Amino acid sequence: MTVTTDQEVRQVVVTDLKRTQIVMYAGAGGDFNPLHTDEPFATQIAGNPTVMAHGMLTMGLAGRLLTDWFGHENIRRYRARFKASVWPGDTITATATVTGVDTVDGQRRAELTISAVNAAGVEVLSGTATAIVADESEVV
Amino acid sequence: MTGTPFPIEQGHVRAFARSLGEETDQVPPTFPIAFAQFDPDWGLRMRPDRPWNGSGSEPGVSSGKGGGLHAEQEFEYFRPIRVGETLTARKREGRTWRKTGGKGVLNFAERHVDFFDAEEELVARSTTVSVTVTPKSDEDTPEAGR
């Protein structure tokens, strides 16, 4: 795998986010805060326009850009800041940029920044990651 | 040392991956957050012996606590997590700090969960940064969310 500084990969990680996907995330992740899955609660009690996606769903979706690029087992660190709410109907695009490539303990490691935006271009997540770069001989 | 078992089950991993839109048995990097399913202290699931504030015949009730907003999250891996192993989770508090913002004082707090394998080797660490707001007025108190 060839990874170089300033290399950038962009990927649409969800299109027209469905409420069912939010429910699937709640069920698997275990966060059943009614803000995320309960429309009467979200609108009438919390005063939101509808249910709101978990920040961790957004982080997981953006993380697919990293795992698709480097492989699940090669992600060594992933940090995210939740910057704006994500709602049903949103289309989220993630961009990862290599800020440096170093050799640590004999392994090539890429340092990255990651950003996710909605269709209006509002940044919903920003973060950083460290990934092991598989040796070219290991790529099949 | 004590801790809470976190079995890495194939069905759980697959359900989590599917919720992220992929069909795989590989462990997504954000999967350690799903330790919540095994955390006896986790408050955001219904329990038979406790009231729940979500809607039924009525729209529900505010928790009234303001809770904490999930501001940041980090996962660090010292080796990959493997389906079939049982990790031991140990929680500990991290740093706290404050910032003054437009809505009031922002109170940040870190909480770590360290995940150890059967050989007591550290496998992964989850760090959650939550923020609560001490508002200028009580009307500004937000509902909990993350």
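Let me start with Ala94(A), which, once its neighbours within four places in sequence are set aside, is in contact with Gln11(A), Val13(A), Ala62(A), Leu65(A), Ile114(A) and Ala116(A), where two residues are in contact if their C-beta atoms, placed from the backbone, lie within 7 Å. Please keep in mind that this is a predicted model, in which local features need pLDDT of at least 70, side-chain atom pairs count only at pLDDT 80 or more, and totals for chains, interfaces and linings use all residues. Residues are numbered from 1 along each chain as its sequence is written, while chains are lettered from A and ligands numbered from 1 in the order in which they are written.

Ala94(A) also belongs to the largest nonpolar core, which has 61 residues, and Ala94(A) is listed with Ala62(A), Leu66(A), Ile92(A) and Ala131(A) as the residues that touch the most other members. By a nonpolar core I mean a set of buried Ala, Val, Leu, Ile, Met, Phe, Trp, Tyr and Cys residues joined through C-beta atoms within 7 Å, and a residue is buried if 20 or more other C-beta atoms, placed from the backbone, lie within 10 Å of its own, exposed if 12 or fewer, and partly exposed in between. The largest share of this core, nine residues, is supplied by α4(A).

Now to chain A as a whole, whose secondary structure comes to four helices and five strands, in the order β-α-α-α-α-β-β-β-β from the N terminus on. Helices (H or I, at least four residues) and strands (E, at least two) are DSSP runs, numbered from the N terminus. Of the 140 residues of chain A, 45% count as buried, and the C-alpha atoms of this chain fill a box of roughly 55 × 30 × 25 Å, taken along the principal axes. Among contacts in chain A between residues at least 6 apart in sequence, 64% join residues at least 24 apart.

What does α4(A) lie across? This helix lies across β1, β2, β3, β4 (107-117) and β5 (123-132) of chain A together with β2 of chain B, and runs at about 135° to β1(A); here axes are lines fitted to C-alpha atoms, for helices over the stretch in contact, and angles run from 0 to 180 degrees between N-to-C directions. In α1(A), the buried residues are Ile22(A), Tyr25(A), Ala26(A), Ala28(A) and Gly29(A), and they pack against α2 and α4 of chain A together with α1 (10-19) of chain B. Just after α1(A), Gly30(A) takes a positive phi of about 95°.

Turning to chain B, we find one helix and five strands, which run β-α-β-β-β-β from the N terminus on. Of its 146 residues, buried ones make up 25%, and its C-alpha atoms fill a box of roughly 50 × 40 × 30 Å along the principal axes.

How are the strands of the two chains arranged in the sheet? An open sheet of 10 strands, with antiparallel pairing, has the order β1(A)-β3(A)-β4(A)-β5(A)-β2(A)-β2(B)-β5(B)-β4(B)-β3(B)-β1(B), and two strands pair if DSSP finds at least two bridges between them. At the edges stand β1 (8-14) of chain A and β1 (4-7) of chain B, each with a single partner strand, so one side of each is left without a neighbour in the sheet. Neighbouring strands of this sheet are turned by 25° against each other on average, direction ignored.

Within chain A, β1(A) is joined by six bridges to the antiparallel strand β3 (residues 92-104), with Val12(A) opposite Thr93(A). Where the chains meet, β2(A) pairs with β2 (residues 69-77) of chain B in the antiparallel sense over five bridges, and Arg81(A) stands opposite Glu72(B). On the chain B side, β2(B) pairs in turn with β5 (residues 122-135) over eight antiparallel bridges, His70(B) standing opposite Ser130(B). The strand β4 (residues 104-116) of chain B is joined to β5(B) by 13 bridges, and these two strands form a hairpin with five residues between them, where Glu120(B) in the turn has a positive phi of about 65°.

Finally, the contact between the chains takes 40 residues from chain A and 41 residues from chain B. On the side of chain A that touches chain B, the largest share, nine residues, comes from α4(A).
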